[in-house]
Amino acid sequence: MAGTISPSGEVELPESPGYRVKNRLLGKPLVTEQLTHEKLSNPVALGVLASDCISSMAYGSEQMLVVLIPAIGIAAFTALIPLTFVILGLLVLLTFSYREVVMVYTRAGGSYVVARENFGPRVAQVAAVALLIDYIVTVAVQAAAGTDALVSLGHLLWGNGSFISFVDAHKLWLTIGVVLLLCWGNLRGIREAGRAFALPAYLFMAAMALLIVVGFVRFFLGDHTHLDVHQAGMYGLGSGGGGFVYGASLLIMLKAFANGGSSLTGLEAISNGVSAFRNPQGVNARKTMVIMSAVLGTGVLGVSLLAHITHAMPFTGGAPTVVSQEASWAFGNAWYGNAALVFVQLSTALVLYTGANTSFNGFPFLASFVAEDSFLPRQLTRRGHRLAFSSGIIVLTVVSVLLLIATNGDLTHLVSLYAIGVFTGFTMAGAGMVKHHMDRREPRRTMKIAINGAASVASLLVVGIFAVTKFTEGAWVVVVIFPIGVWSLIKVNKRYREESEALAAAPVDTTTPVYRRQVMYILVDRVDLAVLKAIRYARSLRPTEIRAVHFMIDDREAERLKTQWGNVEVGDLPLEIVECPDRRITRSLVELIARTAKREKSQITLLIPERNYSPVLGRLLHRRTADQIARAVGKLPNVVATIVPFDVVSAHYELEEASASGVKVEKLEHLDAPSN
């Protein structure tokens, strides 16, 4: 649409319909000067950055029981405790390792930055792919677990009525709706900072503390009752008996341990956000890291012990969850017990959804870092309408929604994809810190190398255990995608480097003009205002010669075009007709221009009139070949291709406005138009 002239003499351009819709959905655009970086105090940083990590206590112990109960029955509640302590031992080791990471590397990026600084950018792509996969699966896992928490509340308060059964059967779409809502909020510029985002984490900590304390008080006061383990929808009890750990094979224990490893996801969140802390950043991040790990460890142990006490069983459908059953047992059926249950489940759902939101902050930032290093498309470095990395947010949303659909939003299936990416990141961070300390002479160097080396080896073992034990349950997807992802990132970087070298080291004959004679070709496929605009533009450049050329694939159409050409005001510019019997117009054009440039020793410029139609319908109704032709011709020496755009939509609006105001419109005569 054409612009108008304001009283001050400035041109006022109307906004496109798409931009007006974007403003309506996302709000007014923000300018770059509004991009601020808020520094967080330790309590606020704990709430903001820890939600992904601490929320995993809501499903970590349950995922171990999902493996153990069908294999060894009631003995699973006994085997759960030593497995939990193994998980906690790994948590302590990783916490010591990441205490070193946050002290040394205060820029956001976590294990990617550690690997890049110590092993170089190519090796760092292993960490990049690991973290990107981690962020994608985190959105799906946290959102699915949050929905399970809400559905569990409905089951425990109102039973299995028709409405709850309907919601349970369609909870996938509720989960997808939450992901889309998070996407919309982040595109609007929701920042993961401030007390508003810290509140869900503290509510969840309070809820879990209340659950664990009340549960243990009730147990120590003599209530040793167990929940019914034979309810419909529960996992079937396996048989006990002799053998390793009440009949469980080593493989079963390893599978349960792999599922339990999901409790440690999100542990790297502090290292990804060190730059958000107040000074001294490393010291404050280290303190917050220790507190977060202590909260996580206490919560995981508490949930496992309560499961051991109550025999809370996981359901095949995911709801009611083990935590919700423990809460129902601990608080009882009185009104205040139901109120406490509602508090626990709502705070659990809220922190899980908030944990999913951390990926909408971390994924786009990490993608922008990797893109800055030229291993991902550079479009990911651009901030969008509201200063968010919009492309990264949209990519994360699309892939996580596809993942939810592929797994039907089933938490157990999603966990099968989780730990490989997470623990690969842990492995790279630990190995990077080993190299960092080996390259420096510093106090307690040997101890630091031992801690980080042990963390790296242990994490690598978890990756191996997960890949082997969960391979047939979905881990094969990550095992296959992982090397393909690393290879793809390296290939993207190679292409960028090749392009950069070609642009920076051009041969002399492409930077120095060879011919003074300038010949300008205008490609004519019909006679209309777009072609006339190209002719006016060509004459304004004052070349040595202008030639209009049409490639004939239909002799009757060519004759009609010649007649029309003779009836319009084009001066003494003739229309050349070039036969193209094989209909390969682009090839014929390239051959013509190449011959002309060589024979006449001229610099050739090709003008291609391009008619711009409406974005959607225009693509369906019209071919868009200008870019293809320009790309082919641009490869020739001493040849430049220029596209001359003509906006058909704006011309149509101008015509309507002129007709409505009674202005006489002059039309090109003798031109064909589509019939009504």
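**Exercise 1. An ion pair and its surroundings**

Decide whether Arg517 is buried, partly exposed or exposed.

*Solution.* Arg517 has a relative accessible area of 29% and is therefore partly exposed, given that buried means under 20% relative accessible area, exposed means over 50%, and partly exposed lies in between, with a 1.4 Å probe and protein chains only. The structure is a predicted model, in which local features need pLDDT of at least 70 and side-chain atom pairs count only at pLDDT 80 or more, while totals for chains, interfaces and linings use all residues. Residues are numbered from 1 along each chain as its sequence is written, and side-chain values use heavy atoms, with hydrogens and water left out.

Next, consider the partner. Arg517 forms a salt bridge with Glu545, with 2.7 Å between the closest N and O atoms; a salt bridge here is a side-chain nitrogen of Lys or Arg within 4 Å of a carboxyl oxygen of Asp or Glu. The two residues are 28 positions apart and link distant parts of the chain, since Glu545 is in strand 4 (residues 545–552) and Arg517 is in the loop between helix 20 and strand 3 (518–523). Helices (H or I, at least four residues) and strands (E, at least two) are DSSP runs, numbered from the N terminus. Glu545, at 27% relative accessible area, is also partly exposed.

**Exercise 2. Salt bridges across the chain**

State how many salt bridges the whole structure holds, and work out which elements are tied together by the pair Asp373 and Arg116.

*Solution.* A search of the whole structure gives 11 salt bridges. In one of them, Asp373 pairs with Arg116, with the closest N and O atoms 2.6 Å apart. Because Asp373 lies in the loop between helix 15 (335–372) and helix 16 (390–407), and Arg116 in helix 6 (residues 111–119), this pair ties together parts that are 257 residues apart in sequence.

Another salt bridge joins Asp148 to Lys171, with 2.7 Å between the closest N and O atoms. Asp148 belongs to helix 7 (residues 121–158) and Lys171 to helix 9 (residues 171–187), so this pair connects parts that are 23 residues apart in sequence. Asp148 is buried at 2% relative accessibility, and Lys171 is buried at 11%.

**Exercise 3. Two surface patches**

Which helix gives the most to the positive patch, and which residues form the nonpolar patch?

*Solution.* Begin with the rule: patches are made of residues with over 30% relative accessible area and no salt bridge, like charges being joined within 9 Å and nonpolar side chains (Val, Leu, Ile, Met, Phe, Trp, Tyr) within 5 Å. Lys and Arg count as positive and Asp and Glu as negative, with His and the chain ends not counted, and the place of a charge is NZ of Lys, CZ of Arg, CG of Asp or CD of Glu.

The positive patch on the surface gathers Arg122, Lys491, Lys494, Arg495 and Arg497, and helix 20 (residues 475–504) gives the most to this patch, with 4 residues. Arg495 is found in helix 20 and, at 52% relative accessibility, counts as exposed.

The nonpolar patch consists of Trp173, Ile394, Val395, Val398, Val399, Leu402 and Ile405, which together have about 630 Å² of accessible area, computed by the Shrake-Rupley method with a 1.4 Å probe, where for residues only the protein chains shown count as cover. Helix 16 supplies the largest share, 6 residues. Val399 lies in helix 16 and is partly exposed, at 33% relative accessibility.
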